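Reader: Before any calculation is set up, I would like to go through this model with you step by step. Could we begin with the whole chain and then turn to the annotated site?

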Amino acid sequence: MSPSVRPEKISKKGTGKKKGNSSSSSSSSAIHRHHDGDHNSVPSTRKTASLPDLNECTPATSVRAQKVNLPKISKSRDSALSSSNAPPTQLSPVTKRILEKLSELISSPWPSNAPTPLLTTPSASTTSLLPPRPPSSAPSRKGAGSLVTAGGCSKGAKNGKSLRHRSSTGSLDYQPQRSSHVGVTPRRGSSDSSLPELSGRAGASSSATAAAAAPAVSLASADFDESADEGETEDAALDDGGDGSGPGAALRVSRSAPGTPPVSADARNRIGRQCLALKRIMDKEGLHAESSIQRTLFSKTNPNVSVLIKCLRVVPDLDITIIVTNLLLRLTMSTQQNASNTAFVARKSLSIALLKCLQNTFREHIKADGRCVVFGVANAVQRVDELLANVYTLLVKIAKFDAKLALLARLHGAVPSTIIMIKKWNERKEYGLMIHGFHALRVFTVKNENNVNTIQKSKVVDLLAGLIKNPLLTPTLTQHPAKMECLLDLLTILAKSKAGAVDVLEKLHVKDLIQLFTNATSESVQRCVLKLLKTVVETEDGKNAFNENNGVAVLTMALDDLVQACEAGNGAPLTTGATSLPTLLVSVLRSAVSQSDLPFLDRYVALTFPLPRTPNEQPQPLDVTQLVQLFPELHPIPPHTAHLPITNIEVRHVQPITGRQPLLGHRCVEYSEPVLRRGASLVRKLVYEQMRRVVRPEESANSIVYDVADDRISVPEGCLIFDSRFESGNLQMAIKISDTEYDLLLQTDINAPMGKHNQWFYFSIQNMTAGRSYKFNIVNLSKMGSQFNQGMQPVMHSRVDGLWRRIGEDIYYYKNHHKKPDESDAENNTYATLTFSVTPEHDGDICSVAYHYPYTYSDLQRHLFQFQITPTFGDRCRRQILCHTLGGNECVLLTITDFTEASIAASPMADRIYILLSARVHPGESNASHIMHGLLTYLLTSSDDTASQLRRRCVFKIVPMLNSDGVVNGSHRCSLAGVDLNRQWKTPDAGRVPTIAAIKALWKHAIESGRKVLLTCDFHGHSRRKNVFLFGCENAPGSPHETLERTFPTLLAQVSPTFSLPGSRFDVQPSKESTARVIVRRELGVVNSFTLESSYCGADFGDKKGLQFQIPDLQQSGLDFCQALRALIDIPPPWSVAGEVGVKTVVGLQAAFAVPPARQEGDEAVHSQHEGRNGEEGDDREPLEKLLEGDAGEEPDNDDIDDD
């Protein structure tokens, strides 16, 4: 052989002929088969390409779990530290030089005289393309597959293998025939068992022709294996034929990235040598935080690991990419210390490099049907498989650090190409490779519906179901749960679409999933099955199939085992979280229970009220004369002195009221009542009991023991006695489940759509035994969320001690399966259930249970009567009738000011400021009446300086109960017309909403007649948030009154321990356009137009943090309101002060009213809760609780967000 044409002699360092290294390929997992041949003829023991195990993609498993053909980690952290010569704080100079050389090689342009991709001559001898033989030391050299054309053959052809040349595409197809050597794979030939030998030997010829052809040697056949010796090189040169006409002269040159010249064999050799040198340094030093190679590869300055990533993009050679991906796999190994390595390479655009590598591999080496077309490469199919597995594994590793991976995969065509390979691997029964492909598809579907649709249309579900149901794979999938999780997760993603769910149900029946859940030995697999089941049973067909196969019973039993083991102390505590096993069990069970009507719906009687139809029957709007009479401060009239005996209070009602509720009073227990803390296992236990009732209905009595519309029902002996036939009472039916459990149904607001407004309840119970726990389930509540899940309790009055108190244990509020009659709202188409337990303290007690502390229409009349009999009432108040309601009840108007002559002389009525207040527009918000009662008590009975100043300088126009009809009849939100009165302010109809028409006319007349209206406020209660807070109307930026709407809330925050300024809001939502505060601000021009909201529950900051509100707390809020008003009237009013002056005044007042340190900290905490959450309270519920409470969707006109 001529020295002039012999390739450069390679050093023998690191030769692969050492003992033990020659069998490197046998350590690979035997999950691959030969490509495109007769699969039946391939023995199961043949050696295959090595693949990274799927468990490598999970944090808990090492790459070496399956003897993957990757660089070995042979040294521990300590031994690596001791063997490393470089100081731990310095970079590795050797590694740096290697990276610099690599960077130079891949950055420099290739020679301009690079050969053409394929060299051929017209002669028959040159049209015969033969790959180089395997190394001479390979045990099965003669059995290796070779490529031939019609014009020639190789030694492999003589052994029975012939090949066909496809000149039109420049590619070759294998056509293997049966041979005694089939199934024997030549050794990889690498000097290191962890890295593959490059694909062949460069031929060398002693002739001038061979010398000329040398530059055309394929990158896939160039030799840079440092184990090669001169003898092997000479052996490989025999394939050239010695005269330049052999196949070695016409080998393909591997192309580089699109737009770049081909890579020369010399450049390829040099790149390969540098990569192998880098690998040897890794083996010597090890990878840990203190190693110099770690510091060099992941330094912030170049060169670093980005050189390897660039190598993937620029040099798409099969063997080099295998080496580089193996190095990257080792660098990103799933250990805690290498987690930052993965994030680092992800930031260096590794995903793009991998996807381009994948793209180039399919363009160069894989046909459209998935067949491999690599030339002159031993074990071509296995090497392509290894490269794809490496690429997919790396993509999965970096997926969580690259949010755009799914989009990039779609742009690079990675999804369809991966599906092609999965189908080809399925034909070859390469199940391990299929799972790698499925794992990649799973990360490609993250937040990318286009990729999901592509996968869905490619019938991947068939392959997934086939793997799961394949009995031969069951042991393997059982031993490796990560593989089963991958398959199930991808199925879950595909099943989220309607078409995908149909496909899943056709290929993988629900009974198969239930059986899979039962047989699963891994909790992680059970969780994945439950996720898939939940997605499937949300469809009607899936739900029916689940119930037909007894799925509810199976999962209920599994949940029962968890609950019982936890309660008995035999098992671990029930885990929490959205993906915990108990949470998923509950979620599937709730989804699987078919929606059903309310129990005994045929007996349910909706109350109605005949609305007036003719103008003569309808209430008439107030005329000017009537309006003038409603200003007694301007036209003196004597005070209302007629004593009204309490027993003669007239209440007009629609709901059955057979007797008068005894006077219960408003006394509460004297001790503070903290919010309730429920146990961790309560939710699971309650859902289990609910599912048990569904599975075993025969265990429930299901007998009606009370119906408000049927007083003929006899109560069995020993049964509880219910009653709601009194003012403000609301209980439609009581159904006995057992001696200690009852289901309760509430009455819908009169004339309102059924199920629209069911929330207020108020009933009495008799015949309870002291010390015995009774459970009550109110099953037809309309709201999807409530403060009952934030520690709030119902209230109960005991006739024995005459006190109101918060009661109830095991309280939970959740969405149930009873459907509402209105199906227009798909999100909230079922009712909610409130369940709680009560343990009475006294035998024979009569207990009244309510949603909140009741305040009835009769209570208002009694309190007004008590005010009237005070000696100062005539000097401070005038009571009038604003109008009558549809039901004929009075709507009372109170005018409060100082009517004494001395006061009028000192401060004429025409100069006084007007404050317009109202309350109880929603009858279920009884806390608003308690706040109003506190305000009235202070203004009418107090003689301190603040109250006196307010009476002398202000005129209060107060309507304490706007919706007395609703209060009397136990409604939650509507009037007798079945409408929400606080949505009627824009164009109120006096014939249907007379109180709103009258109060709007009154306030409008006050403003138009020149009265100085400083503030209007409507008092409300809020069901979803804590504290007391305000809703206002934000003034336009740049207006004279900009930010003035925040003056009064700022003052109120200084004096009230329960008022939350950060919780107040000043925006106007579209659904609030017709409320009182918005109309008064926009139409009447009142800057300070507010809605005061009070929580049903309590406060979450300050001295009251963690405590539930009691009646004295609510009354104190009314007093605090007056204190803030006193400060407000000292500020120059907005009609005479520019906006900037007003702002400065507010700032000055903030400084004057110093906030105590405790309050400041509390306010900051509240602000942090509400900031960025649109005013909603902080939510610390468990994911399971959020899921079951079903409060993600809200009704358009519901008061779940703003109760005004």
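Reader: What share of the contacts with a separation of 6 or more is made by residues 24 or more positions apart?

Author: This is a predicted model, and its protein has 40 helices and 20 strands. Among contacts with a separation of 6 or more, the share from residues 24 or more positions apart is 77%.

Reader: Where does UniProt place the feature "active site", and in which strand is that residue?

Author: The unreviewed UniProt entry places this feature at Glu-1093. Glu-1093 lies within residues 1088–1095, which form strand E20.

Reader: Is Glu-1093 buried or exposed?

Author: Buried means under 20% relative accessible area. Because Glu-1093 has 0% relative accessibility, it counts as buried.

Reader: Why is E20 described as largely enclosed by the rest of the structure?

Author: Ser-1089, Thr-1091, Glu-1093 and Ser-1095 point one way from E20, while Asn-1088, Phe-1090, Leu-1092 and Ser-1094 point the other way, and all are buried. E20 is largely enclosed because the number of its residues that are buried is eight of the eight.

Definitions and conventions
Residues are numbered from 1 along each chain as its sequence is written. This is a predicted model: local features need pLDDT of at least 70, side-chain atom pairs count only at pLDDT 80 or more; totals for chains, interfaces and linings use all residues. Side-chain values use heavy atoms; hydrogens and water are left out. Helices (H or I, at least four residues) and strands (E, at least two) are DSSP runs, numbered from the N terminus. Contact means heavy atoms within 4.5 Å. UniProt positions are given in the numbering used here, feature names are shortened, and annotations may be inferred rather than shown by experiment. Buried means under 20% relative accessible area, exposed over 50%, partly exposed in between (1.4 Å probe, protein chains only).
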